[in-house]
Amino acid sequence: MSGATAVLLGLGAYVAAPSLAQARQASSPAAEPSTSIAEVIVTARRTEENLQDVPLTVTAMSPKILAERAVNDVYALQMATPSLQVQGTQSEGRASGSYVIHGQKAAGDDAPPGVVAYLNEVPVFGAEIARSFFDINNVQVLKGPQGTLFGRNTNGGAILFESVAPSAHFEGYATGRIGNLNERYGEAAINIPLSDKVSLRAAGNIERRDGFTKNTEGADLDNLNYENARISLRVQPNDVVDNKLVVNYSHSNERGPAYILSDLAPCSSPPAMSCIFPAATSQFAAQQALGIRKVALSTPGYIEIKAYGVSNTTTFQLDNLTIKNVFGYHDAKFQGHDDYDGIDSTGLTVEYARHAKQLSEELQVQGSLLDDRLRLIGGAFYLDTSEDPFKGRTAMGGTSVGYVDFPAFFVNPQYTHREETSKALFAQASYKLTDTLTVTGGYRYTWDETELHDSQYRVFFPGTVLLPFTPPATGFSACSLLAAPISPGVTVDTTNCMRSASAKFAAGNYIASMDWKPTEGVLLYTSFRHGYKSGGFNSTSSYSGPGLIFQPEKLNDLEVGFKTQHRFGDVDVRFNGSGFHDWYDGLQLTNVVVDPTAGPQSLTQTIGKAKLWGGEGELIVIPVRNLTLNATVSYFDGKFTQGTIIGTNNMPVNLAGVRYNSQPKLTYTLNASYGLDTDFGRLTPSVFYSWRQGFYFTYEKSPGNFISSYGLLNARIDLANVAGSNVNLALYGKNLTNKAYAQTVNLGQAFGYLSRFYGEPRIFGLEATVKF
C-alpha cells in the first residue's frame, strides 16, 4: 500500500449523527440534544450489531443524516458515501443506478453487477430503490467482498436499505416540498396498530419537477415524474414468532437524461457518425454553442418503469437459536427510447422493452454456543431471474432495438429471453479466543445456471446501408444471427432466426478474519476474502462464437482497519479507517467494436488481471454541546497487470501497466450541524460539502471520456416543533454554487462519438412536515 494511502487513512470520517439511535425509532429531527456520539446499529453480518464492533468497512446513515446531506436518490447517496460511485445505466438512464465500490462494477447493462442493492434483506431491481428514500430506517453501504453472507456478485460490496417496520403505536407524518424548476414533492406515512399482535404501516412519495435541460425543438429533458408506495404488515403472535410482509411499488415516466455530444471524430470511414450523418459535424458545433443545459431535439426520448415487489421475513427466536426465512418476488417492466448521440436524428438511438422477474428464497439459522463465545450462521439461498420482451409503447417491442438510419438505414430488433438460477449453501463462525481476540471463518459455494433464447433481425429501409448487408428491396428483413462459428452449448437456426445457449458456473467465496480489542473503545482487524462474480452472455451480439459467453471473475481481497471511539474531557471523537489491496483475475470489460462480418457489437470480454488498492477514513467530533462535525475521505487506485482487449478499431489493445479507471482517485466530504433551542422551536442549520477528483470513465484516455473534478455544496435549515406544535419547517439547497458536472459517459467510440449526461443544477426550496 502506498504512503499516500496510509496518509489518507489517517484523515477519515464516519457519517453518523447524535440522533441516529432515536432515528431508528422513527423520531423527529427535534430529538434531545446530546454531547455524546450515539451507538450505530448495523446488520452487515446479518444480525444487529454496534458498528464499532463490526470488523468491516461500513457507512450507515439515518433519516436525519440523509436529510442534512440532501440524499434523496442513489446519485446523491454517492456524494455522502466514501468509496461509492453511482453511474447511470445505458438503458434506464438516471431512473436507476449502477454502483461501483473499490473498482468493482457491472461491465455493461447485460453483465452481472459488482455491487448488489437489498431492500429489507432481499435483492431488488435498481429502479425499485433509486428514489425510494422515504420512510427509511437506515441505509448501510458495505465495502469490499460480501460473498460469504450476501452471495455472488458482491465483490465490491452491498447496499442495504431498511424501511421503517410497523410498530405498536398509532403515528405518522406528512411532508410537502416546493422548489425551483416547479418542484412539487409529497411524502407520507401512517402506522396503525390493528391489535396488540398485528400492526400495519403504509408510506409513499410522489414528485413532479420540470426538466432542467431545455429543448428548443420539443419537450424539456431531465424532468422528474415518479411515485413510490410501500405497505408493511407485521404479525407477532407471541415472543417466538415475528413475521414482516412488505409490498412495494414504483413507477416513473420521464423524458430521461439529455445526452450531450462531447466528442466527435472526423470522418475516416463508416460507421463513424460524421461519415454516416454529414450534418453531425454542424450539429456538434451547434450543441457546443448551446452548452450543457440546452438541446435541440425534435424527437426526445423517454423512460418508463413500473415495478413492484413482495418480501416476507419470518423469524423464530428460540433461546440461543434464531431461524429466519426471507422470501422475495420482484417484477419490473422497463420501456424507453434513448438518443445516445444527442443529435436531431433518429440515427444511433435505441429502444428497450424488457420485462424482468426475480424470485429469491433464503433460509438462515443463527445461534451461539459456549457461553456466547462461539457464534454461528448458516443457510441456503435460491434465486431465479428471467427477462422477456413486451410490446408496451415501443415501435417494435424488442428487448433491444437499435436504429442506425439517415433517415432510415436499418433497424436492429432483438427479442431475448434470459433465465438465470443461482443456488448456494453458506456457513460462518466467529470464536472468541480470549475476551478481546476473535477469529472468524466463513465459506459459501454457489452453483449458477443461465440460458439464452433470442432472435435478432435487421429490417432495411431506403438509403445507403452499413455493412454487411445490401437490401434488395424496401422493408427487406434479414436474420442477423451468424451461422458460424458456434461455441459449445450454443445452437443457431438461421432459417427461423432462433438461437439457444446455456452455461453453468460454480465457485466458492470465503472469508478469514481476526479482530482485537486491546482496550475499551478500540477495535483492530484484518481480513482476507475471496469473491466470485458470475459469467454470462453477450446477448445483444449476433456473434455465436467463443465471444458469446464470458467467464466469471475472481477477486482476492486483503483489508486492514481500525475503529476507535473516545471521550477527551467533554469532547467525543469517533475515528475509523481501513485500507485494502485486491488481486483481480479474469475481469470483465465491455466495449463496442465493429466486426467486419457481424457489424457493430457490444461485447463483454473476460481479460487479464489487475491490482487495486486504496482506503478510506471516517471521523465524527462533538467539540461542544449540539455541534457535530464530520469528515470523510477515500482513495482508490489500480492498474492492469496483464490482459488484452479488442478495441474500438477491432484491433487488440495491451492493457498491461494501464491505469485501472472506474471511479475517482480521491474524494472527501465535510459536514457541520448545530442545534439551537429558540422560542420558536429547535433550529438546526447544517452545511455539507462533497468533492470528487476527475477520472477517466474507462481505460481509454480521450477528452470526451474524462469526468472533471467537481465539488457540491448543500445546506439546510431545520426548525422543529414550530411554536410548540408538531410542525417542522426547513429551507434546503443543493449544489448551491450551481456547479456543472457530468454523471455518466455514453461510450460510442465505435461510431466515432462520446456523449454524457449531467447532474442537477442549483436546487432549492421549502419543506414542511406534520407529525401525529
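In this predicted model, Ile 260 has Arg 756 of strand 45 as its bridge partner. That bridge belongs to the pairing of strand 16 with strand 45 (residues 753–758), which is antiparallel and runs over four bridges. The two strands sit in an open sheet of three, ordered 16-45-44, again with antiparallel pairing. Strand 16 (260–264) and strand 44 (742–748) are the edge strands here, each pairing on one side only. From one strand to the next, the twist averages 25°.

A second open sheet is built from five strands in the order 3-8-9-6-7, and its pairing is mixed. At its edges stand strand 3 (57–61) and strand 7 (122–123); each has a single partner strand, so one side of each is left without a neighbour in the sheet. Strand 7 runs antiparallel to strand 6, and two bridges join them. Within that pair, Leu 119 stands opposite Val 122 of strand 7.

Strands 4 and 5 make a hairpin, with three residues between them. Strand 4 is mostly covered, as six of its six residues are buried.

Next comes the packing of nonpolar side chains. In soluble globular proteins, such side chains tend to be buried together. The largest nonpolar core in the model has 26 residues, and the members that touch the most others are Leu 77, Tyr 99, Ile 159 and Phe 161. Two or more residues each come from helix 3 (63–68), helix 4 (74–79), strand 4 (84–89), strand 5 (93–101), strand 6 (115–119), strand 8 (136–143) and strand 9 (157–163). Helix 4 gives the most, with four residues. Ile 159 shows how these pieces meet: leaving aside residues up to four places away in sequence, it touches Leu 77, Leu 84, Tyr 99, Val 115, Val 116, Ala 117, Tyr 118, Val 139, Gln 140 and Val 141. Apart from this core lies another, of 22 residues, among them Leu 261, Phe 334, Tyr 340 and Tyr 352.

As for cysteines, the structure holds one disulfide. A disulfide is a covalent bond between the sulfur atoms of two cysteines. Here it joins Cys 479 to Cys 497, with an S to S distance of 2.2 Å. The torsion about the S-S bond of Cys 479 and Cys 497 is about 85°, so the disulfide is right-handed. The link connects distant parts of the chain, 18 residues apart: Cys 479 lies in strand 25 (residues 477–479), while Cys 497 lies in the loop between strand 26 (490–493) and strand 27 (498–516). Cys 497 has a relative accessible area of 2%, so it counts as buried, the cut-off being under 20%.

The mean pLDDT of the protein chain is 88, and 90% of its residues reach 70 or more. Over residues 1–33, though, the pLDDT is below 50, even if the model gives this stretch 102 contacts beyond near neighbours in sequence. Residues 463–474 also stay under 50, with 23 contacts beyond four places in sequence. Where pLDDT is low, the predicted coordinates should not be read in detail.

Terms used. Residues are numbered from 1 along each chain as its sequence is written. This is a predicted model: local features need pLDDT of at least 70, side-chain atom pairs count only at pLDDT 80 or more; totals for chains, interfaces and linings use all residues. Side-chain values use heavy atoms; hydrogens and water are left out. A nonpolar core is a set of buried Ala, Val, Leu, Ile, Met, Phe, Trp, Tyr and Cys residues joined through side-chain atoms within 4.5 Å. Buried means under 20% relative accessible area, exposed over 50%, partly exposed in between (1.4 Å probe, protein chains only). Contact means heavy atoms within 4.5 Å. Two strands pair if DSSP finds at least two bridges between them. Axes are lines fitted to C-alpha atoms, for helices over the stretch in contact, and angles run from 0 to 180 degrees between N-to-C directions. A disulfide is a pair of cysteine sulfur atoms within 2.5 Å. pLDDT is the predictor's confidence in each residue, from 0 to 100.
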